[in-house]
Amino acid sequence: MADVKKVIAIIDRIADDIEDQKMFLTELDNVIGDGDHGINMARGFKVVKELEPTFEGKDIGAILKMVGMKIVSTVGGSAGPLYGTAFMKAGALMNGKMEADIHDFIGMLEAGIGGVQLRGKAVKGEKTMLDSMIPALDAIKEAVEAGSDAKAALDAGVKAAEDGVEYTKTIIATKGRASYLGERSLGHQDPGATSFTIMLKDIAAMA
Ligand code: ADP
Ligand code: MG
């Protein structure tokens, strides 16, 4: 169970890790895109971090919506609107709630994926962030249904997201900038699938 304080701590840790992984994410994007994914994400999460003092007294829904709006307005590129929408959709689900359990998280991830698909019109297997998001959601759901606790379920989600990142190396990009490369995108992992995995790892580590 995560209360508001925990949710803010997770957002803070994500912001720090995105900053730490900025060059790595940007190098990945350099190979199959335009080399800005890490820089874009770090710029956005730096502003999100500055927003943290204003989270006081707010519910999880309001906080996630604020994060989403900031991401849309500061990250830019494709990832900004996509991740921003994901956070806003997750927030809409958590309106008025001061605590989130694993079932809420499943709902948030589901809503977030829905938001990404609404905006980006991609499906699984197109070498995007969805290739780590969707397998992670499926693995978390499956683990919960099999009786795992939240921590074990999130760990299973991280493993599935990591496998998803590996899988992106084996497929050709058909959405986003990497799709311009066609077959030359083979052999390289997707930056967005990688950044999602970083975020999910932080959530799992703090659960
Ligand atoms: P840009 O491609 O505009 O430079 P970024 O470099 O910030 O944006 O983000 C690239 C990432 O965005 C890709 O690695 C991919 O995961 C994700 N992405 C791009 N297009 C889509 C889409 N239509 N649906 C889902 N994810 C996408
Ligand atoms: Mg890019």
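Axes are lines fitted to C-alpha atoms, for helices over the stretch in contact, and the angles between them run from 0 to 180 degrees between N-to-C directions. This briefing concerns a predicted model. Its topics are the packing of helix 3 against helix 9, an aromatic pair, two pockets and the surroundings of Ala111.

**Helix 3 and helix 9**

- Two packed helices are described by the angle between their axes and the distance between the axes.
- For helix 3 (residues 37-51) and helix 9 (residues 191-206), the angle is about 35 degrees and the axes lie 10 Å apart.
- The crossing of helix 3 past helix 9 is right-handed.
- Helix 3 contributes His37, Met41 and Phe45 to this contact, while helix 9 contributes Pro191, Gly192, Ser195 and Met199.
- By type, the residues of the contact comprise 4 nonpolar and 3 polar, with no charged residue.

**Aromatic pair**

- The model has 1 aromatic pair.
- Phe45 and Phe87 form this pair in an edge-to-face arrangement, with 6.4 Å from centre to centre and 65 degrees between the planes.
- The arrangement counts as edge-to-face because the planes are over 60 degrees apart.
- The pair joins distant parts of the chain, since Phe45 belongs to helix 3 and Phe87 to helix 5, 42 residues apart.
- Phe45 also takes part in the contact of helix 3 with helix 9.

**Largest pocket**

- The largest pocket holds about 590 Å³ of space.
- Its lining consists of 28 residues, and those nearest the centre are Ile10, Leu64, Phe105, Met108 and Ile203.
- At least two lining residues come from each of helix 1 (4-20), helix 4 (60-74), helix 5 (79-93), helix 6, helix 8 (150-168) and helix 9.
- The lining of the largest pocket is made up of 25 nonpolar, 1 polar and 2 charged residues.

**Second largest pocket**

- The second largest pocket holds about 490 Å³ of space.
- It is lined by 26 residues, of which Ser78, Ala79, Leu82, Gly176 and Arg177 are the closest to its centre.
- Helix 2 (22-32), helix 3, helix 5, helix 6 and helix 9 each give two or more residues to this lining.
- The lining of the second largest pocket comprises 9 nonpolar, 10 polar and 7 charged residues.

**Ala111**

- Ala111 is located in helix 6 (residues 102-120).
- Apart from neighbours within four places in sequence, Ala111 is in contact with Lys89, Ala90 and Leu93.
- Between Ala111 and Pro81 there are 30 residues of separation in sequence and 15 Å in space, taken from C-alpha to C-alpha.

Conventions
Residues numbered from 1 in each chain as written. Chains lettered and ligands numbered in written order. Predicted model: local features only at pLDDT ≥ 70, side-chain atom pairs only at ≥ 80, totals over all residues. Heavy atoms only, no water. Helix = DSSP H or I, 4+ residues; strand = E, 2+ residues; numbered from the N terminus. Left-handed = near helix turned anticlockwise from the far one by under 90°. Contact = heavy atoms within 4.5 Å. Nonpolar A, V, L, I, M, F, W, Y, C, P; charged D, E, K, R; others polar. 1 Å grid on protein atoms, 1.4 Å probe; cavity = no way out; pocket = protein on both sides within 12 Å on 5 of 7 lines; lining within 4 Å. Points joined across faces, edges and corners; volume = space filled by probe spheres on them. Phe/Tyr/Trp six-rings, centres within 6.5 Å; stacked < 30°, edge-to-face > 60°.
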